[in-house]
Every structure is written in C-alpha cells, then in structure tokens.
Amino acid sequence: MFESILIANRGEIACRVIKTARAMGIRTVAVYSEADATARHVRLADEAHLIGPAAARDSYLVVEKIIAAAKASGAQAIHPGYGFLSENAAFADACSRACIVFIGPPADAIRAMGLKDAAKALMEKAGVPVVPGYHGPDQSDKTLSDAAKKIGFPVLIKAVAGGGGKGMRRVDKAQDFAAALEGARREAASAFGNDAVLIEKYVTKPRHVEIQVFADGHGNAVYLFERDCSLQRRHQKVIEEAPAPDMPEEVRRAMGEAAVKAALAIGYQGAGTVEFIVDGSRGLRPDGFYFMEMNTRLQVEHPVTEKITGQDLVEWQLRVAAGEPLPLTQNQLRIHGHAVEARLYAEDPARGFLPATGRLLRLKLPADDGHVRVDAGVEEGDQVSVHYDPMIAKVIAWDTTREAALRRLKGALQGSVVAGLATNLPFLARVMGHAAFRAGDVDTGFIDRHLSDLVPPDGKADDRTLALAALDHLLALDESYRVAAAATSDRWSPWASANGWRMNGETSLVLRFDDNGEIRDVGVAFTPSGYVLGLATGEIAARAARRADGALVADLAGDKISAEVACSGNDIYVTVGGVTRKLKFYDPGMAADLSSAVGGGIVSPMPGKVMRVMAKAGDKVKRGAPLLILEAMKMEHTLIAPADGVVKKLSAVEGEQVSEGAVLAVVEAE
Ligand code: MV4
C-alpha cells in the first residue's frame, strides 16, 4: 500500500478521500488555490501545497503544477476525485511519465469512452445493448437524415463529443430534421470543437440508471449494483438512490453483467460507472436498457452504493491502484436496505435555481450516525465563491426500506440550518415528501413536472417568522443588559435587572423589518411575564430563551418553537424546520437605494459569459420573456424581463465575459 498520496481536488471529495486514506494510515497531501487557503480539505490534510490563483484553469486544472506538488511532497499516487482532471487521459499519462500512480483507470480506457460514437461501437461489439441509431463516420446531411427516417421519429441528435446535454436536439418529424441538425452541429462545434453527431431513437420518459463497477489488475471485475439518478435538473443530478425503485432482480443482474462486460471490453481498472437509459414508460425490463456512457472515475453519488453494500469505495480504489485484487467477489456482494442522497446546492429555486454565492453565516448539518451521513467540504463561516461548484454538501440517509430512508432524509434536511445564502434545502425536503417520489414514479422529467409543488411562491414572511426575528433581537438586547449587569457590583443598579423592563421608562417599541422590499412592523410591549408582540394577525404573548447551542427557543402564545436566527449587518435569517427566510432591519437609506437600482435594470447576478442574446433594444416584451442566457458556475441562466415593457437598452454581447452587477439590459415598464 502507498505511504502517501496527493489529492488533486478540493471540497467534499478531497475531504472524503482524506478520511479513508487517514483510516488506512496513508499520509495525505492536499493542493489548494489562493481562494482555498483556509478550506476544510487543506485543514484536514497532513500537508498542503499552493498551486495558484482561484480560477481552476490556473490551479486545479494545471497538470504540471499538480505533478510538481506530488514530486515535492513525495506522494506515490494521485487521487483525482471527480471533475477537474479525473477523466483527463493526458493527466493519467503525465502521472505515469512521472512514475506516480494515477488512482483511476488506464489512460486508454479513459480515451475509449471519451467519444460517444466510438464508445457506442465498442459497446455494441462487446454485446452491451445500445440505443438503436446511427453512429457511423459518414456525416453527410443525407446519410444522417436517411438514418433518422429509418430509425423512426422521434429521434435525438447528439454531439459525438458531447456530454451534459449540450449539442442535443430532439426531432419529432422529418421536416424539422435539417434545421435541428444544423443547430446541433453549431452548438457542438462551439462547445467541443467537433461538429460530428450521431442519431438515436428518442427514449421517452427516460430513467437514468447507472451501475457501479470495479475492476482490478488481475482480470477481476464486479458490479456493486445500481443507482437511480433520474431526479435531475438541466443535467445536474439532485437526488440519487440505491437500489433503483422497482428494480426486478433479473434486470439488475442483466444490467450488472452488461456493465462488467463494458468494463472488461476496455481493459478497465478501478472504480467506474456505466450509465444506462431506461424507457420509464415500459418499466424496468431485461431488454429495455441501453448503454449511454461510461464515467471513468468515482462519482459524486458513490455514498449511496457504500451505504447499501457496506463497502468503502475509496478504500477499494486505493487497494486496486496499489496492485491488490478486489476485496470481494460478485457472490460476496449483497444489497442491504436502501440509501438516498440529496445534493445541497447554494442556489435559489425561487429565482430559477440561480447559483448563490456568499458566506455560510450558519451551517448546521446533522451529525453522522449509522443512518445519516453528511459529506461536506465546507464549514460555517466559509465562503461559497463563483470559482467552483456551488454544492455545499451531500446528505445521505440509509434505512431498511426505501420509505424509511426517505423519511430519514426528510427529517435530516428539516433539521439542518443553512443561512447567509439561498439554498435548495427546502426544495430537497419537499422532494422527499412528494407523493409521486414516494411512490417511486421517477424519471428525468420529474422536477419540471412537479415544479409548482416543489418550489412554492415565496410570498410574504409569515407572522411567526417576524415574531422570531423580533424575539431574537429582544433577546440580544437583554443579553447585552445582562453583560452590563455582570459588570456592576451594585445589585440595585438598574442594569442588574434584565427582566425586560427598560429602566429608561420605555415599556413599548416598534421593530421595523424589510421583507423583500415591504415594510413590516412588529410592536413590542414589555410586561413582567414577557413580551406582547403586535403582529398583522393580532397581539400575542411571547417569551424567548437561548439554548446553549445558540438556538432560539420561543413561546408564541403557548406554541413552543425552536428556531435558528443568524444576523449579519442588517440581514436577518430565520430558520425553522429547515426553511430559512431572509429579512432585513429596515434602513430608510437602503430602501431608497434599492428602488432606484432596480428600475427595470437587468443586472448580472454573478460573473459569467453571455451565451445568447434573445432580445434587442426597442423590443416590446412580456413579463418573464427571456432576454439573454448567461453561463456562470458551469450552468446556464436565463435572464428574463421583470415586467411587461419595452427594452430600452441591451448592452450584452454574445460571447462576452461580464462581471457581477453589470447592467446587461434595461426594460422600461409600460
Ligand atoms: C437520451 C434521451 C432520450 N433518448 N437519448 C442527456 C445527457 C446525456 N447523458 C444523455 N441524455 C439523454 N439521452 C435518447 N436516445 C434523453 C436524455 C436525457 C437525460 C438522460 C439522462 C438523465 C437526464 C436526462 C435529461 C434529459 C434528457
């Protein structure tokens, strides 16, 4: 086994690898960018090397810098994590040239799966089922359109070099084929520098079911069963589970054996995932799954497989890379219970899932136990920046049945607190509670189909939220009086009394909050037995105390509520049951600024690149009309008209890089 390894990654996966390496007595070497100098993975590692500025292309993606850090530290092997250099064959080659073990498959296996057409042909030859279609070298319009007719509409045009849905076009009838082909080629050329496409029968109601495989250097290969990753949004996975709901044993075996065949066909070694597409409208059948692609790395969602098999996949990776045989044979592998994972993202579902950045003012995630596991790369106080993935953590729950595992995860999410930036936490909890999800009715259209159930309109803050914000503030005032009282030895001093009676004679006041631009007042009267709060729905008696862990325990007219209130400047975040609501202390100066800044201006929410401009100055637009598409943090965001009106200005240019806060368009309301 290795004495020391370098982890060429950051965030939760770097922390995850360090954990297993440490348990195996292996010294860990981290690398970090300037933005990550105090990151959790750097703190956890035995040693850490600075490899450049924040931008990944200048740090985590620079092969020479990673190799140099490995050499300098004496690391014998490099774990690439996922993303970054994990599926870069040239990096795997560079490792071998430097006599460092790449903890992953041979470079040629990565290459074999890199191009869709070649991979598909290879799989077909190996006897792995593929989607019916054309994936030949002749790229003439006629050949492709004849192929589409022969397959039968609807068909899907896919970029040969594609991934993540880019350069993909669904075509429903022959008349639309030529235009769709042109569009797919253009997109593929600009995204991948390769405009070759393939044609496939379109699979309706697709389910994404993938098989975890492992192979060693001694000719052994096994499958560690399936994961269902159908719950995605714009090709970003949101929820993953294992096993797949309603998976018949014979289909599991057929898919597992096909995946092992795929791995053996390319001389695979280490951890890999074979993705299949399943026609969800026909259920899971032994003849109803098709090879999509193979991911030649450890995946984000590997914990659900670890939970149901009881195996540590990072340990398996290290053993295989060190030349050991696989720890178990196929017959020794069993599924125990059910596991589900939710990806907690810094993003705002109410604003079209726009990624959010900022400081994690509060971060309370459930403690790891046998049932709930949390994989996080950040801690309270850390910054979520524009430079990397907006994933904050993965929350995984296990139980003996699917039903119980979903309940566990819902409870874990509702007991979490993330304040300081918008997250999808309430959205995830709603997915867990959704009747269709509980029934196992999953396919890739699930989120869009149920969006209105999963993302409620964000409306006004309720009275309870305002009361909690008010009580937190009042408690903080009381606490400051108590500090003053402790500082005086005179027990008759007015400061020695912190029972809510204000010694300057005030017995009532009004706390004014800004709730999304709307003024909300809370009247406060002090009485010997507590407060009386004046709210929109009437007056209530209220009391509050703080628990040792900082949580606010309130009594609102007899209802006991535990909440988490975090403040930063004028911002107040009130969290109850995993749902965080942001308020502000009202500031007349700020309110004036805000209204003048809005005025129909469409501002870039983050640094990014303008991908498409769909409107021009002078256009009359309806509220919600798409104006332009911005690419930022690896995702596309459509910026829309905030109201019916006329586009007064549209300064954005396709392909241009824009900074956060740049005014990209101005729409004057009618
Ligand atoms: C498909 C398909 C339907 N029919 N292929 C999307 C990304 C790429 N990995 C494959 N994808 C799809 N290929 C055929 N022949 C539907 C999708 C698809 C999808 C697949 C898996 C997970 C989520 C998806 C979301 C939309 C479309």
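Which of the 17 residues around the ligand come nearest? In this predicted model, these residues are Lys-158, Glu-200, Lys-201, Val-203 and Gln-232. By class, the shell around the ligand comprises 8 nonpolar, 5 polar and 4 charged residues.

The side chain of Lys-158 places an N or O atom 3.1 Å from a nitrogen atom of the ligand. For Glu-200, the corresponding distance from a ligand nitrogen to an N or O atom of the side chain is 2.9 Å. Lys-201 contributes through its backbone, a polar atom of which is 2.7 Å from a nitrogen atom of the ligand. The ligand taken alone exposes 520 Å², and 89% of that area is buried by the protein. Two or more residues of the shell are supplied by each of strand S7 (155-159), strand S9 (197-201), strand S10 (206-215) and strand S14 (289-295). Because domain 2 (132-201) and domain 3 (206-336) both give residues to the shell, the ligand lies between them.

Strands S10 and S14 also belong to an open sheet of 8 strands, which has the order S14-S13-S10-S11-S12-S15-S22-S20 and antiparallel pairing. At its edges are S14 and strand S20 (372-376), each of which pairs on one side only. On average, neighbouring strands of this sheet are turned by 25° against each other, direction ignored. In general, the strands of a sheet pair through backbone hydrogen bonds, in either a parallel or an antiparallel manner. Within the present sheet, strand S11 (residues 221-233) and strand S12 (residues 236-242) run antiparallel and are joined by 4 bridges. Arg-233 has Gln-236, in S12, as its bridge partner.

A cis peptide bond, with omega near -5°, leads from Phe-153 to Pro-154. Pro-243 lies in the loop that runs between S12 and helix H9 (249-265). A further feature concerns Cys-99, a residue other than glycine with a positive phi, near 60°. Cys-99 is situated in the loop between helix H4 (89-97) and strand S5 (101-102).

Technical notes: Residues numbered from 1 in each chain as written. Predicted model: local features only at pLDDT ≥ 70, side-chain atom pairs only at ≥ 80, totals over all residues. Heavy atoms only, no water. Near = heavy atom within 4 Å. Polar contact = N/O pair within 3.5 Å; in protein donor to acceptor, adjacent residues only side chain to side chain. Areas by Shrake-Rupley, 256 points an atom, 1.4 Å probe, with all protein chains shown as cover. Nonpolar A, V, L, I, M, F, W, Y, C, P; charged D, E, K, R; others polar. Domains from an automatic or database assignment. Pairing = 2+ DSSP bridges. Axes fitted to C-alpha atoms, helices over the stretch in contact; angles between N-to-C directions.
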